[in-house]
Every structure is written in C-alpha cells, then in structure tokens.
Amino acid sequence: MRAILNNIRRILIDDGRDDRDFTEQEKRLQEVLAHLHSATNSVKKGAELLAELIKARS
C-alpha cells in the first residue's frame, strides 16, 4: 500500500527536473528507419525481378 501511495505522490510532485532529452537518439532512430525502408524496397524489387525471371524460364 505504501508503494502505491509513493508512486501517486511521485506522479503528482514530478516537476520534470530529472527528465532526459532523447532528441539525438530520436534523430538517429529516424535515420535508421529511413535506411530500413530503403533496404526493404531494394529487397522487394530484387524479389520481384527474381520471380519474373523464374516465371520467364518456365
């Protein structure tokens, strides 16, 4: 019960003093996401080309 009250008190009193700034990490994650999208599109195009080649040989 005491833990619950402590958590409620911590939520109500929190003034953001110890908050961290994740801006740089968010930028890096967005860049990685863009690279992943690009790589996914490349793999998709390669798979489609391979499927067309296999179909053409049959």
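## Overall fold

The protein has two helices and zero strands. Its radius of gyration is 25 Å, well over the 10 Å that the globule rule gives for 58 residues, so the chain is more spread out than a compact globule. Please keep in mind as you look around that this is a predicted model.

The C-alpha trace tells you about the outline: along the principal axes of the protein, it spans about 70 × 30 × 10 Å.

## Surface and burial

How much of the protein counts as buried? Of its 58 residues, the share is 0%. Buried here means under 20% relative accessible area.

The protein exposes about 6100 Å², and carbon and sulfur atoms supply 58% of that area.

One part of the surface to look at is a nonpolar patch of about 820 Å². Helix H1 covers residues 2-13, and methionine 1 is found in the segment before it.

Is methionine 1 buried or exposed? With a relative accessible area of 74%, methionine 1 counts as exposed, because the cut-off for that class is over 50%.

## Charges and the salt bridge

Now for the charged side chains. The protein carries 11 positive and 10 negative ones, and the centres of these two sets lie 7 Å apart. Side chains of opposite charge can pair when their charged atoms come close. How many salt bridges does a search of the whole structure find? The search turns up one.

That salt bridge joins the side chains of lysine 27 and glutamate 24, with 3.7 Å from N to O. The pair meets the definition because the nitrogen has to be within 4 Å of a carboxyl oxygen. Both residues belong to helix H2, which runs over residues 23-57. Lysine 27 and glutamate 24 are three residues apart there, about one turn of the helix.

Lysine 27 has a relative accessibility of 45%, so it counts as partly exposed. That class lies between the cut-offs of 20% and 50%.

Terms used: Residues numbered from 1 in each chain as written. Predicted model: local features only at pLDDT ≥ 70, side-chain atom pairs only at ≥ 80, totals over all residues. Heavy atoms only, no water. Helix = DSSP H or I, 4+ residues; strand = E, 2+ residues; numbered from the N terminus. Rg over C-alpha atoms; globule rule 2.2 N^0.38 Å. Buried < 20%, exposed > 50% of the residue type's maximum accessible area, 1.4 Å probe, protein only. Areas by Shrake-Rupley, 256 points an atom, 1.4 Å probe, with all protein chains shown as cover. Lys, Arg positive; Asp, Glu negative; His and termini not counted. Charge placed at Lys NZ, Arg CZ, Asp CG, Glu CD. Patch = residues over 30% accessible without salt bridge, like charges linked within 9 Å, V, L, I, M, F, W, Y side chains within 5 Å.
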